[in-house]
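Open the structure in your viewer and keep the selection tool ready. This tour moves from stop to stop, saying what to select and what is there.

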Amino acid sequence: MTREEEMPDWEGAQEFYGKYDPKDILGRGVSSVVRRCIERKTDREYAVKIIDITSEHLTPEELEEISTSTTQEISILKAVSGHPHIISLNDCYESSSFYFLVFDLMKRGELFDYLTEKVTLSEKEARNIMRALLEVVQFLHSKNIVHRDLKPENVLLDDNMNIKLSDFGFSLQLDPGKKLRELCGTPGYLAPEILLCSMDETHPGYGKEVDLWSCGVIMYTLLSGSPPFWHRKQMLMLRMIMDGNYNFDSLEWQDRSDTVKDLTIIWTVLASVRIYYNYRRAKPLTKQVLIRDPYAIKGIRKVIDGCAFKVYGHWVKKGLQQNRAALFENSPKAFLFSLGSDFDDVFEQPLE
């Protein structure tokens, strides 16, 4: 191969190094490294994500997957460019060996690091972060884009503590009505639908709603300082996710308002009902089904127990054998009424 034929392989890298001066490492991934860099002409600081597509530690299939996901990420970042709470892609370069993605430098770093430093956030601060995050998710979903990897590590903070959503490597733009089946994301933030797909070949798949589950996990983590679903054995942690098994037992929750706890509980109830309805289409879930036998639905059984003290005015201590007959000595319609109009919103079509 002549020198002229080799030049295109290095052209992208030469353009990057000609415009930017890479500096210290900010973070590392499986096949990538993020560095602070300086634009030579303006001395302005940026962050560059350098993705290696020739790694000796990866199989050809893995390298192809990285190349495909990076191309998709670039396409999506261009499609959402300009949103105030999404990281801006300023430049991108490609050679035969590397991708160079140049972003604004977020000097305050990851929301995860900020949370680690503060342990827990006030309800006001958590509300501001969650409002911005949900606005971003609503914007993405309006464009039929699902992120699939929402977590504090992928939420960055600028100098004014505004959030910037990053890392769109698992993101996809869905065709209308299309469902996904891939098992991807971060274990503690996975929605139950994603896990069900990996266990049952007949599962219809999941859609954009999985991002909302991850938002709920993030909100819980911001307020308590620890994730709702965690176990040193990953399989047990995944079982906790499938069962919706979390609690408010830690000391951090003692000073939290009932409004925050109710929001977290209802978020999980609605998600569990949605999962059941989509997965068990042979037996559509209606209000009548829940009224007749609310404990027949495993996904929301524990959630109902946790909510019961709010409805019936007494508390059943955790760790003791629960008297379910006592919990439902009044009509279970009271529980459904407490969910209000939000309950109807989880169904894709009228109940009757």
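**Stop 1: a helix pair**

Select helix H4 (residues 123-142) and helix H6 (residues 210-224): they pack at an angle of about 170°, with axes 10 Å apart. The model you are looking at is predicted. Angles over 145 degrees count as roughly antiparallel, so H4 and H6 are roughly antiparallel to each other. The crossing of H4 past H6 is right-handed.

Now show the side chains of the contact. From H4, pick Glu123, Ala126, Ile129, Met130, Leu133, Leu134, Val137 and His141. From H6, pick Asp211, Leu212, Cys215, Ile218, Met219, Leu222 and Leu223. Colour them by type: the contact of H4 with H6 has 12 nonpolar residues, 1 polar and 2 charged.

**Stop 2: the second largest cavity**

How many cavities of 30 Å³ or more does the structure hold? There are 2. Go to the second largest cavity, with a volume of about 60 Å³. To find it, select Arg148, Tyr189, Leu190, Ile194 and Ser214, the closest to its centre of the 13 residues that line it. H6 supplies the largest share of this cavity's lining, 3 residues. By type, the lining of the second largest cavity has 7 nonpolar, 3 polar and 3 charged residues.

**Stop 3**

Next, select helix H5 (residues 192-199) and helix H7 (residues 234-243). Their axes come within 9 Å and cross at roughly 115°. H5 is therefore roughly perpendicular to H7. This crossing of H5 and H7 is left-handed.

Show the side chains here too. H5 brings Pro192, Leu195, Leu196 and Met199 to the contact, and H7 brings Leu238, Ile241 and Met242. What types of residue make up the contact of H5 with H7? The count is 7 nonpolar, no polar and no charged.

**Stop 4: the largest pocket**

Finish at the largest pocket, with a volume of about 1,500 Å³. Select Gly29, Ser32, Lys49, Asn154 and Asp167 to centre the view: of the 46 lining residues, these are the closest to the pocket's centre.

Strand S1 (20-28), strand S2 (32-39), strand S3 (45-52), helix H2 (60-79) and strand S5 (98-104) each give at least two residues to the lining of the largest pocket. Which element gives the most to this lining? Select H2, with 8 residues.

Notes. Residues numbered from 1 in each chain as written. Predicted model: local features only at pLDDT ≥ 70, side-chain atom pairs only at ≥ 80, totals over all residues. Heavy atoms only, no water. Axes fitted to C-alpha atoms, helices over the stretch in contact; angles between N-to-C directions. Helix = DSSP H or I, 4+ residues; strand = E, 2+ residues; numbered from the N terminus. Parallel < 35°, antiparallel > 145°, perpendicular 65-115°, else oblique. Left-handed = near helix turned anticlockwise from the far one by under 90°. Contact = heavy atoms within 4.5 Å. Nonpolar A, V, L, I, M, F, W, Y, C, P; charged D, E, K, R; others polar. 1 Å grid on protein atoms, 1.4 Å probe; cavity = no way out; pocket = protein on both sides within 12 Å on 5 of 7 lines; lining within 4 Å. Points joined across faces, edges and corners; volume = space filled by probe spheres on them.
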